[in-house]
Amino acid sequence: MKYFNVTVMERGKKREELIKADSKMAAIKQAKFKLPTAVMVIKATETSAPLGESLEELFSGLKKTFKSKIPINDKISTIRQIAVMTDAGIAINDTLEDVADNTHNQKLKEIFTKMNADINAGNSMSDAMEPYSEEFGHVALAMTNLGERTGNISESYHKLADILENIRDNTAKFKKAIRTPMITMAAMGIAFTILIMVVVPKFKDIFAKFKTELPLPTQILLKLEWALSNYGIFILAGLIGIVVAIKYFYQNNRDFKLQMDRMMIHPKFYLINKAIFLSTMHKYNLVFGELVRSGIPVSEALDTAVGMVDNLAIKEQLLSVNANIGRGMNLADAFEITGLYENMLLQMIKAGEAGGQLDAMLEKVTQYYDMQFQDLIDNLSAYIEPVLLFFIAGLVLLMALGIFMPMWDLGRAVKNG
């Protein structure tokens, strides 16, 4: 949201109104709607946010950045419980009351208690869940709507739990695959820092007595030791600050998130780009296929599925699909324009559309992305091993050359003398 100074004319006098809106035209429309008809809106100019608003947004963003998420296992457990209880014929308000009483997650307890109160007040379940779309996700809202339309909340929630379990399992598998390499790199970094802080100072006085210029590796080690000895706390604080700032802007600034997401799927980002792309496309097609199979219209299913996409760069490409379908384009051609699908997959989707078996073909597309993703995860150690070896060899070589090269130079100088 942006801020605009809207200049208006009232009884022959000009004055300015501060309006918060998405664009200049939106600010002018908002001013016309907000102010009396006798007041004439002249122009709107973008301005910076008031200090109070800026601080409020900053604190709100920081709170959002460090806000703890509801564990996916807790969500799956409660969704399964709702599915089982409604399948047994228990009324939805009694079901939600029981779920709220039995869940150990305090956040979920509060949410289901409020939802139950809203349903008792006459609201539908989807309306009661809508304020918590951030906690449950777009697909949960879509499956709730579907359950209400078909009168079968139980079946919809069983499918919802299956979708969430699939996403959870793939996420857990990816985290497990990268855990060992990350621990190895962190351990090497810590060990290298300790060596610089402990070993290099013992040679520092010896190196100071050399009359010749020290080799480059030795100069690097001495400068690193000096920086860590004098500014180690500040360097650590700076690194933490950079991480926090990146996380904050990634979650609260759309332009920054878009640039980061584009960078993460760039071909130069070895393995990371492929892992993000495959996991994103698998999740998107999984949700889209399940919604189509459940009877949700393609246009609505596309809107819901794209809401599950976290990478903004991929999301922008997928958002064009629904717009092109609205112009009369078929699904396969709309997917082709995004450039995200291989020709083989496009042919499968086209055949599914023509034969009335779109849901079956989407299942095969999902299986293809899942197979590719699983293959990447299963062989991740083999892919990362060369990078780790290069990283470790570089640190060991720098330490060895930095310490022993001056000794070799000194030995040659004594021998020649």
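Reply: Here's a walk through the salt bridges, pair by pair. Keep in mind that this is a predicted model. Opposite charges on side chains can pair up when the charged atoms get close to each other. In this structure, the count comes to eleven salt bridges.

Let's start with Arg-80 and Asp-162, whose side chains meet in a salt bridge at 2.5 Å, N to O. Arg-80 belongs to helix α3 (residues 72–87) and Asp-162 to helix α9 (residues 153–198), so this pair ties together parts that are 82 residues apart in sequence. Arg-80 has 22% relative accessibility, so it counts as partly exposed, where the cut-off for buried is under 20%. Asp-162 is partly exposed too, at 41%.

Lys-173 pairs with Asp-378, and their closest N and O atoms are 3.3 Å apart. Lys-173 is partly exposed, with 32% relative accessibility.

One more pair: Glu-316 and Arg-254 form a salt bridge, with 3.1 Å between the closest N and O atoms. This one links distant parts of the chain, with Glu-316 in helix α15 (residues 312–326) and Arg-254 in helix α12 (residues 254–264), 62 residues apart. Glu-316 is partly exposed at 30% relative accessible area, and Arg-254 is partly exposed at 46%.

Key:
Residues numbered from 1 in each chain as written. Predicted model: local features only at pLDDT ≥ 70, side-chain atom pairs only at ≥ 80, totals over all residues. Heavy atoms only, no water. Salt bridge = Lys/Arg side-chain N within 4 Å of Asp/Glu carboxyl O. Helix = DSSP H or I, 4+ residues; strand = E, 2+ residues; numbered from the N terminus. Buried < 20%, exposed > 50% of the residue type's maximum accessible area, 1.4 Å probe, protein only.
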